[in-house]
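Student: I've got a model open and I'd like to learn how to read it. Can you walk me through it?

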Amino acid sequence: MPDAKGRRIALGCEGSANKLGIGIIAHDPITGEALVLSNVRDTFVSPPGTGFLPKDTARHHRAYFVRVAKKALALSGVSISEIDCICYTKGPGMGGPLTSVAVGARTLALLWGKELVGVNHCVGHIEMGRAITGASNPVVLYVSGGNTQVIAYAEQRYRIFGETLDIAVGNCLDRFARTLEISNDPAPGYNIEQLAKQGGRVLLDLPYAVKGMDCSFSGILGRADDLAAQMKAGEPGPDSKPFTPADLCFSLQETVFAMLVEITERAMAHVGSNQVLIVGGVGCNERLQEMMGAMAAERGGSVYATDERFCIDNGIMIAHAGLLAYETGFRTPLDESTCTQRFRTDEVFVKWRD
């Protein structure tokens with residue numbers, strides 16, 4: 001039921017990858033405005049040169065779930081009785097971490113007598129991005145460690161116009177960080193971005209793999225790995241010029257981001273939109289925002305993005321998208337509160353939009 005101010009309130013639990021996030025949000029009954037009450041996150045960080053394994057990440061989420069939930073509740077200033085529903089990430093994501101957080105969400109729902117709402121992770125990113133930036137009907141570029149999609153809304157679905165054919169762009173960057181044994185703290189992609197800012201003296205030739213509206217990143221990663229091996233062996237570059245890790249990071253970013261700009265512009269032309277919304281962890285990258293902004297400006301449009309509080313996986317986006325669905329009457333029965341590693345964006349019926 002609404003709180004004393006008439007607001008609907010939801011608690012959201014996210015844990016599809018290495019970020020465990022729990023957030024609490026309120027929706028104003030008159031304006032419909034979303035108010036972030038708390039947004040707490042704890043990240044599993046693996047050693048340099050390694051990735052995060054599902055079992056280790058799941059163990060982290062189980063170990064920290066209670067303390068993160070308590071902190072989110074304390075910071076929000078609301079009581080358990082004022083919370084209307086518990087929202088959790090149903091998918092897509094890594095099986096072990098998803099399951100750990102789904103069990104935590106079910107436990108809260110049973111302990112507190114609240115209803116559950118399963119949320120699509122990708123839709124959570126989109127709806128939070130729209131709420132924070134004010135973008136009305138943008139073409140969405142969703143870029144993260146597990147997903148790369150160009151999306152536009154039509155007829156109560158978020159339609160996928162283009163996507164990766166193999167690995168996600170964030171996975172490409174993260175895996176190259178492992179090749180260079182770059183730190184995973186605070187995130188490998190962030191550290192690639194900082195190193196790329198020191199490059200630019202040499203733009204190395206990497207495969208450019210755009211196929212219609214889709215992209216492929218595995219070949220680019222393979223070539224970048226080969227060049228890194230040459231560099232470590234003291235061999236010169238393709239034009240007999242020496243190059244550094246910073247040059248490699250710069251070249252990789254410039255190439256993959258140019259591909260993303262191309263397919264996003266094509267989607268904008270197709271649907272007649274002049275707005276671009278960048279969501280997902282890679283959306284924090286300032287160089288991607290700059291390149292996308294230049295393209296949008298040439299079309300007389302604008303680009304929208306959020307900072308790391310909302311770009312990187314978080315519980316508040318799950319709370320927001322879940323509460324939007326809850327307000328239309330959607331519920332997830334306890335015996336259906338499963339999770340899945342494969343849950344496409346366009347499978348969700350977006351009843352809360354016209």
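Student: Let's start with a proline. Where does P92 lie?

Tutor: P92 sits in the loop between β4 (85–91) and α2 (95–112). Those labels are DSSP runs, numbered from the N terminus: helices are H or I with at least four residues, strands are E with at least two. Before going on, keep in mind that this is a predicted model, where local features need pLDDT of at least 70, side-chain atom pairs count only at pLDDT 80 or more, and totals for chains, interfaces and linings use all residues. Residues are numbered from 1 along each chain as its sequence is written, and side-chain values use heavy atoms, with hydrogens and water left out.

Student: What about backbone phi? Which residue other than glycine has a positive value?

Tutor: Look at Q156, whose phi is near 60°. Q156 lies in the loop between β7 (148–154) and β8 (157–163).

Student: How do I read the domains?

Tutor: The bounds come from an automatic or database domain assignment. Here that gives domain 1 (8–127 + 311–347) and domain 2 (138–307). Their C-alpha centres lie 27 Å apart. The contact between them (heavy atoms within 4.5 Å) takes 20 residues from domain 1 and 24 residues from domain 2.

Student: And what does UniProt say about binding sites?

Tutor: Treat those entries with some care: positions use the numbering here, feature names are shortened, and annotations may be inferred rather than shown by experiment. An unreviewed UniProt entry puts "binding site" at H121, H125, Y142 and D313. These span 193 residues in sequence, yet no two of their C-alpha atoms are more than 12.0 Å apart, so they gather at one spot. Of these, H125 is in helix α3 (residues 121–133). A "binding site" annotation, also from the unreviewed entry, covers residues including D174, G189 and N285.

Student: What is D174 in contact with, leaving aside its neighbours within four places in sequence?

Tutor: D174, which is in helix α4, touches P188 and G189. G189 lies in helix α5.

Student: Last one, pockets. What lines the second largest pocket?

Tutor: The general idea first: rolling a probe the size of a water molecule over the atoms shows where empty space is left. On a 1 Å grid over the protein atoms alone, a pocket is an open set of points where a 1.4 Å probe fits, with protein on both sides within 12 Å along at least five of seven lines; lining residues have an atom within 4 Å of a point. In this model, the second largest pocket is lined by 18 residues, and G118, A325, F330, V348 and F349 lie nearest its centre. The largest share of that lining, four residues, comes from β5.
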